[in-house]
Amino acid sequence: MNNQVQSRLLQWAAIFLFLQSIVLTLAPAVRERTWDVDYRLAHWIGFLLWSAFTFLAHRALTRYLPEHDPYLFPAAALLSGWGLLTVWRLDESFGIRQSIWLGLSLLTLIVLARFVRKLSFFKNYKYIFLSSGLLITALTLIFGTNPLGVGPRLWLGFGGVYFQPSEPLKILLVIYLAAYLAERVNIRLSAVPLLIPTIVVTGVALLLLVVQRDLGTASIFFFIYTIFLFLASSKRRILIGTSLFLLSALLIGYFMIDIIHIRVVGWLNPWDDPTGNSYQIIQSLLAVANGGIFGRGMGIGSPLLVPVAISDFIFAAVAEESGLIGTIGMIGLIWLILARGLIIALRAPDNFRRYLAAGVVTYLGVQSLLIIGGNLRLLPLTGVTLPFVSYGGSSLLTSFIALYFLLSISNVEDDEPAPLPNPVPYTILAGIFALGLAACALTGAWWALVRSEDLLVRTDNARRAIADRYVLRGEVVDKNNQIINMTTGESGTYIRKYLYPDLAPIIGYTHQVYGQAGLEASLDDYLRGTQGNPMSLILWNQLLYGTPPPGLDVRLSIDLNLQMTADQLLGNHRGAIILMNAETGEILVMASHPEYDPNNLDEEGDTLSQAEDSPLLNRATQGMYPVGDVFQPLIQAYFGEETPSQNELLNFYETLGFFRLPRIAMPVAEIFPTTELDDVRASPLQVTLVTAALSEQGISPAPRIATAVNTLEQGWVVLPALEEPRDVIPAGAAEEATQSFVEEGNAYWSHTGRGSISKTTVTWLIAGTPPDWQGAPLAMVVALEENNPLLAKHISESLFKAVLSR
């Protein structure tokens, strides 16, 4: 019966991996949305090797261990096959190596099942085994190397083959502790002499690992020893004392040891250094968030953005491409192995095998919790492998040797379980692992569901830029449908082109390294296709391709011909120009200088962010300048012959909107209210809205720059303003003020003012059409970061002439 159960479960595992292999083969076609691609085929070697060796191992276990637990091997086989395909997906060269190691591991399992029937062999030679393991581990202090060429030298290598002695040392320590404590039933903690041998050998092992800076493995050793003492003594204070000791060690290490300090800081505050010491954990969380519920699909995500994805962060790689469903399934398989292992321990016919089974479960459980918890920021990073799943021959081989012990111990037919006076420690151990894995599942759900939206819009999430290479991004056009930004190339090589770079401070950019800025950021949902498309289309593309549908074109109110004129007039001067339709709030011109060329971000990106003249700043909406006396005639018209107090003027400025954020589909400056009149600042956009009120009977319009989006179902659809027009000044005061601004011979009014705070001086020029204007009312603002009223006047006259000549 057991053999039938195992056979059926292995068949389901093979079907799952077969389907995963098909998905991985078709992934390039899915990602590039064309059948004309180079398909992935190499991983089928790994699948076939897994199938062959798994079948042989199944036959061997059926023959030589006929009464073994039927759930353990299928669970381990599925985990190892899943990990193998993931390694193949991430790096084919490592996939070949992992396939060889998997074959060797399964072959070792077969040999052990065939020739090592009695586990007393390991019990009798416990000292020899452990001493040999310690000696080989110690050799890494002299002959140690690292396959990557950098980092701790924890491996012994020869002829391109590397072996990490600390991995099998874990299981050797388990064998030793199980054999030693089995001979001393109901040991008392006060019997220190009896414990001295275990303390010595465990201490030596820990010392070797600490010297090697292999703190992750040292933690596992410490937990294994603690759990053994707890099982042998049934004293709960061991767990309490261990917790206090670990907390103390963590605090001491935080202040005394650099690597512990870095990992603790990265664990507690990863957002403070996302591109430095916290880069790994941030990218891991982004991978989990990107996976969502169903995952991107095997071969379609971007797990290689996570460093060491084949080993330390393979759980994050699985989360991105298999989603929350996949990670919960993987956690469930790990729990199945741990739960069955503890049942085997309780049913063991003698104390040695009971302790050995519990020790194996502890080793597998602790290591799994440490790596999964580290990937999810539930625990600090420890740099260990996920048993059966991660790349690493030493880890894989050790995991299958540990599995053999559980299978062998479970292979009993009629033997009665050894007496167990107090089963509570085993129940507590099961509860610890159950709660730990449940916490990992809930934490994974937190990042994949609750926090995913916030994480995926981070500018350091390169997955968005990678998706842009495969999905056509919408165009940005002016009011006459002249293209401003567009995407060129073919799927897989799409590149964003900026056809009018002078608009860069306003339009912004979308870039794989520097993220997004300007309208490219604020209109990203439309341009990326996640808004404006039918929800069914979005969900279908996410499910099938792991990406949104092609983006939608967005039309701006900008008149590109007038924009060119404004940019030419502003030239090399620092400042901003805005020309607005005073009735509708549509912005016809928005210039900010100095500008930059977003087509050259690869070469100039680092220098732009540090440039003294701040070319990345959109001065029109984010530049905050002293208002000065630019609205002095309006103040006179509003207050009449009375001289307003400072509080009255501050309230008046608040009414004008200088202390509120204008709502528009682009980044705007933060507002800092002040109680000092001389400290009042406003952006050119805020000043433009007041200027528009002067030309529109005291009504300040709702500002608009993105006016329409080209949808698939309805064509061009108007985008509404984000706020309502506001009455800010009486119509009479507005008309009186504009009359004082009109110069003889001009069809428009204008006024020049200055503002200064400390060393900051700005020349303001406000202008607009009179209230009785028969055409579309206009408002213009020029802000120059210099004392140059003549240039401001020249700019306004030339730009108005260009407008009126159209």
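**Close-up views of a predicted model**

Figure 1. Proline 594 is placed in the loop that runs between strand 10 (587-593) and helix 24 (601-608). The structure shown here and in the other views is a predicted model. The bond joining histidine 593 to proline 594 is cis, and its omega is near 5°. Most peptide bonds are trans.

**Figure 2. Valine 308 and its positive phi.** The loop between helix 12 (279-291) and helix 13 (314-347) contains valine 308. Although valine 308 is not a glycine, its phi is positive, at about 55°. A negative phi is found in most residues other than glycine.

**Figure 3. Helix 2 against helix 3.** The view covers helix 2 (residues 43-64) and helix 3 (residues 72-90), whose axes come within 10 Å and cross at roughly 165°. Angles over 145 degrees count as roughly antiparallel, and helix 2 and helix 3 are therefore roughly antiparallel to each other. Their crossing is right-handed. On the helix 2 side the contact involves His43, Ile45, Gly46, Trp50, Thr54, Ala57, His58 and Leu61. These meet Phe73, Ala77, Ser80, Gly81, Leu84, Leu85 and Trp88 of helix 3.

**Figure 4. The salt bridge between arginine 89 and glutamate 321.** The closest N and O atoms of arginine 89 and glutamate 321 are 2.7 Å apart, and the two residues form a salt bridge. Arginine 89 belongs to helix 3 and glutamate 321 to helix 13, so the pair ties together parts that are 232 residues apart in sequence. Side chains of opposite charge can pair when their charged atoms come close. The model has 14 salt bridges by the rule applied.

**Figure 5. Helix 13 packed along helix 16.** The axes of helix 13 and helix 16 cross at roughly 180° and come within 10 Å. This makes helix 13 roughly antiparallel to helix 16. Helix 13 contributes Leu324, Ile328, Ile331, Ile334, Trp335, Leu338, Leu342, Ala345 and Leu346 to the contact. From helix 16, the residues in contact include Tyr426, Leu429, Phe433, Leu437, Cys440, Gly444 and Leu449.

**Figure 6. Helix 14 and helix 15.** Helix 14 (residues 351-375) and helix 15 (residues 393-410) have axes that come within 10 Å and cross at roughly 145°. The crossing is left-handed. Arg353, Leu356, Ala357, Val360, Val361, Tyr363 and Gln367 are the residues of helix 14 in the contact. Their partners in helix 15 are Ser395, Thr398, Ser399, Ala402, Phe405, Leu406 and Ile409.

Figure 7. The patch covers about 910 Å² and is made by Ile293, Phe294, Ile325, Trp446, Leu449, Val450, Trp540, Leu543 and Leu544. At least two of its residues come from helix 16 (424-450), and at least two from helix 22 (535-544). Valine 450, one of the patch residues, is found in helix 16. Leu449 is part of the patch and also takes part in the contact of helix 16 with helix 13.

Notes:
Residues numbered from 1 in each chain as written. Predicted model: local features only at pLDDT ≥ 70, side-chain atom pairs only at ≥ 80, totals over all residues. Heavy atoms only, no water. Patch = residues over 30% accessible without salt bridge, like charges linked within 9 Å, V, L, I, M, F, W, Y side chains within 5 Å. Areas by Shrake-Rupley, 256 points an atom, 1.4 Å probe, with all protein chains shown as cover. Salt bridge = Lys/Arg side-chain N within 4 Å of Asp/Glu carboxyl O. Helix = DSSP H or I, 4+ residues; strand = E, 2+ residues; numbered from the N terminus. Axes fitted to C-alpha atoms, helices over the stretch in contact; angles between N-to-C directions. Parallel < 35°, antiparallel > 145°, perpendicular 65-115°, else oblique. Left-handed = near helix turned anticlockwise from the far one by under 90°. Contact = heavy atoms within 4.5 Å.
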